[in-house]
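Hello,

Here is the structure you will be working with.

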Amino acid sequence: MSVSTWLRKDSDMDHHYRHIRFSYREGVGRIELARPDHLNSLTEIMHEDLRTVLDFLASKEELRGLLITGTGRGFCAGQDLSERPALPEGQVRDLSVGLKQNYEPLILRLKALPAPVICFVNGVAAGAGVSLALACDLVYAVRSARFIQAFTRIGLLPDAGATHALPRLVGAQRAMGAALFAEPISAETAERWGLIWRCLPDEELEATMEAVHTRLAHGPTRAYAATKQALQAATGNTLTEQLDLEAALQKSLGLSADYREGVRAFAEKRQPRFSGS
Ligand code: T3D
């Protein structure tokens, strides 16, 4: 199904997005980065659009998931470098300003959404484009995609959360090698390393997005949210803290309609019909 056929029910959705496309259907949002001629590199305007849409999604109680992808041959080439022209001698630029105003709010908003955020890397991802993908809860990538920690090529260090995500996902050596040398990592290698969940044939991207949409829209939403919360907390928790968190979350899920339906369906040897409540 093409994006244009997605239902647009909510008046908030009439917001005019300039550098992204957005749709919302069955409680599942879909963001497409939409500056294909510039490999969807991130502009000030794109950041504004993303903040607006993520705030809209955060306000939806019935939110069941978010899918993110890019238009054209790239996913996202990081910061739009045309917004960072070379400065005349004697002038300086404080790069922490853009990170604090744009990148930090983006990464934290994605992490804070209770529902799973799933990224579909449709082509090259570079610089903060990789950071954006890795801030999502799960990453699929087409076989032709590449991941490039392009930062050192322009004299910077990986940012927008990349130095947090990379070593946790792939280990210290692979993180260091990828970051220092900024060589392209193929989607197949990314899958083998555990940088991403799954590498797909290019032609299966749209069908996979639709299948994931259906799973999120008809899945046990509260169990998905609790899973996201627990796995996010795990990186900073002791085992005892994590066991406590699991018990608290499971206690609450044990009271849910989806748990009742799940065990009933098991006993009746049929597929569960989850309501998300
Ligand atoms: O500044 C701060 O606020 C700090 C935060 C920094 C975060 C960062 O993300 S820093 C890293 C920024 N990104 C990069 O350094 C990557 C730059 N891009 C590339 O190295 C290459 O484009 C790729 C390796 C990603 C892809 O190469 P290729 O050969 O497939 O495509 P291309 O021909 O280089 O790019 C196609 C077009 O997209 C081209 O435009 P043109 O010549 O056809 O008019 C190119 O200029 C444009 N483009 C690609 N990346 C960017 C970009 N335009 C602006 N900004 C980009 N990042």
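What do the buried residues of helix H5 pack against? This is a predicted model, and in it those residues pack against helix H4 (162–170) and strand S9 (185–186).

H5 itself covers residues 172–181, and its buried residues include Ala175, Ala178 and Ala179. Viewed down the helix axis, the buried residues of H5 fall within an arc of 95°, so they line one face of the helix. An α-helix has 3.6 residues a turn, so residues three or four places apart point the same way. On the face turned away from the buried side, H5 carries the exposed residues Gln173 and Phe181. After H5 comes Ala182, which has a positive phi, near 55°.

Now the sheet. Six strands form an open sheet with mixed pairing, in the order S1-S2-S3-S5-S7-S10. Strands S1 (20–25) and S10 (198–200) stand at the edges; each has a single partner strand, so one side of each is left without a neighbour in the sheet. From one strand to the next, the twist averages 20°.

Regards

Definitions and conventions
Residues are numbered from 1 along each chain as its sequence is written. This is a predicted model: local features need pLDDT of at least 70, side-chain atom pairs count only at pLDDT 80 or more; totals for chains, interfaces and linings use all residues. Side-chain values use heavy atoms; hydrogens and water are left out. Two strands pair if DSSP finds at least two bridges between them. Helices (H or I, at least four residues) and strands (E, at least two) are DSSP runs, numbered from the N terminus. Axes are lines fitted to C-alpha atoms, for helices over the stretch in contact, and angles run from 0 to 180 degrees between N-to-C directions. Buried means under 20% relative accessible area, exposed over 50%, partly exposed in between (1.4 Å probe, protein chains only). The arc is that of the directions from the helix axis to the C-beta atoms. Contact means heavy atoms within 4.5 Å.
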